[in-house]
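Trainee: Could you take me through the aromatic rings in close detail, with the cut-offs spelled out as you go?

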Amino acid sequence: MQTSRARLRRPLLLAAGAGVTVAALAAGTMTSAFAATVFSDGDAAGWSKSGGTWAVADGALTQSSTSSELARQFAGQTAWTDYQLQARVRPTGFGSSAALVGIAARASSSTKMYRLALLGSGRAELQAVNGSQITSLGSAAVGAATGTWYTLKIEASGSTIRGYVNGTQVGGGSNSLVGAGRIGLVTAYAAGSFDDVAVDSSVSTPTTPPTSTPPGSPTPTPTGTTPPPASWPTPTASIKVDATIGVSGTFDGGMRRYYGIGDGGQSESQDPMFELAAGATLRNVIIGAPAGDGVHCEGNCTLLNVWWEDVGEDAATFRGGTTYTVDGGGARSASDKVFQHNGGGTVQIRNFRVESSGKLYRACGNCSTSYQRHVVMDNVTATGTKVLAGINTNWGDTARFSRITILNDPNRSTRICVKYQGVPKGSEPKEIGEGADGVNCLYSASDITYR
């Protein structure tokens, strides 16, 4: 392989299992375009270990310590750019729901990479990892059971990163964190086995089908076909909170329940349970009651596998950013709103459950600043909920829906998209209509399933 300015484009067709090891690639004996199995049948030459307890067992490379904070094996060259990495991965033990077993691409250092991880919570997640800062590029529930082999694949092409589990895309998008780097096998507080690791420079370029999307309107990013979880999680512990918890970077609650702020009612201006700084991620958290005003996002934020057992004032309020992601989890018993959108930009809600609530989403209709706001809902299940989205059409808001499932609603009384006339602060917005219109409320009959 060339050691500088290598852009991996055309595959050198090699049969899987042909005996081409990562040692040959690292030694520079391959061309800049390749398709090679770099670990198979117990050949571990050329790998560089960082942490953990590694060995070759039954033809697989294994990491056996569930107490290692980070355990990694790296191979290849830091000059590798566009390629796809595929491996069979088997979790053999998770130390917690936040533990992970997975693969990494474009690892420019031991702590900077793209990572596709199977989590102890049962989800798979594609991540951009920069030290302690972890940005989700999508996730989906896949089961992630110990003792089961999964085929994981990361595709990196330019700034487009995509992740697949057993052939189904679980995440993807544009990210410019790192443009080149080695491949890796990774665990965190988990044990696992890795086999049939292959690198291929033939990365497919997705085509974008034509749509009737109005200019400037956001489009949904499907992240898998698995429906939202059918049951609510059991907390691993309960923690009483007396003051707002500030979060910068990533806060992983390990599926503990947090409760204790506010009165559990709809009184305005209650303190939040969590306050997320710009770019922060809150994950694997159960929010009990009382929980005040839930979660405040002061800028762009990501909420992964967060559950609200009994929504008080609001579950989450999105304030100062442009992009907010809710992926996984669920909320119930919101007498008014689940998600309140006060800032500008787009809220993406996917792989989510909502039960016994008023509105799942409301774009603020009388805030002190009037923004254009958008919401994209994909793979959402609702039961006993009056409205999925309320938007202000006079400000150009849009709501887009795909793969919506509504349960136990024989009369189809759930309102999908309700339109309002936004007004200045101090007045009350007026409802002016509802339903798909191809301009502000974007969905068709096939996007909504009643069961």
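Mentor: Gladly! Phe251 has a relative accessible area of 21%, so this residue counts as partly exposed, a class that lies between buried (under 20%) and exposed (over 50%), using a 1.4 Å probe and protein chains only. Tyr258 is buried, because its relative accessible area is 5%. Keep in mind that this is a predicted model, where local features need pLDDT of at least 70 and side-chain atom pairs count only at pLDDT 80 or more, while totals for chains, interfaces and linings use all residues. Residues are numbered from 1 along each chain as its sequence is written, and side-chain values use heavy atoms, leaving out hydrogens and water.

Now to the pairs. Rings of Phe, Tyr and Trp (its six-membered ring) pair if their centres lie within 6.5 Å; planes under 30 degrees apart are stacked, over 60 edge-to-face, and the rest tilted. That rule gives 12 aromatic pairs. One of them joins Phe251 and Tyr258 edge-to-face, with 5.8 Å centre to centre and 70 degrees between the planes. Phe318 and Tyr324 make a tilted pair, at 5.0 Å centre to centre and 40 degrees between the planes. Phe318 and Tyr324 are both buried, and they belong to one aromatic cluster together with Trp308, Phe339 and Phe352.

Rings can also have a charge over them, meaning that NZ of Lys or CZ of Arg is within 6 Å of the ring centre and within 35 degrees of the ring normal. Lys153 places its charged end over the ring of Tyr164, 4.9 Å from the centre. Arg362 lies over the face of Tyr420, 3.9 Å from the ring centre.
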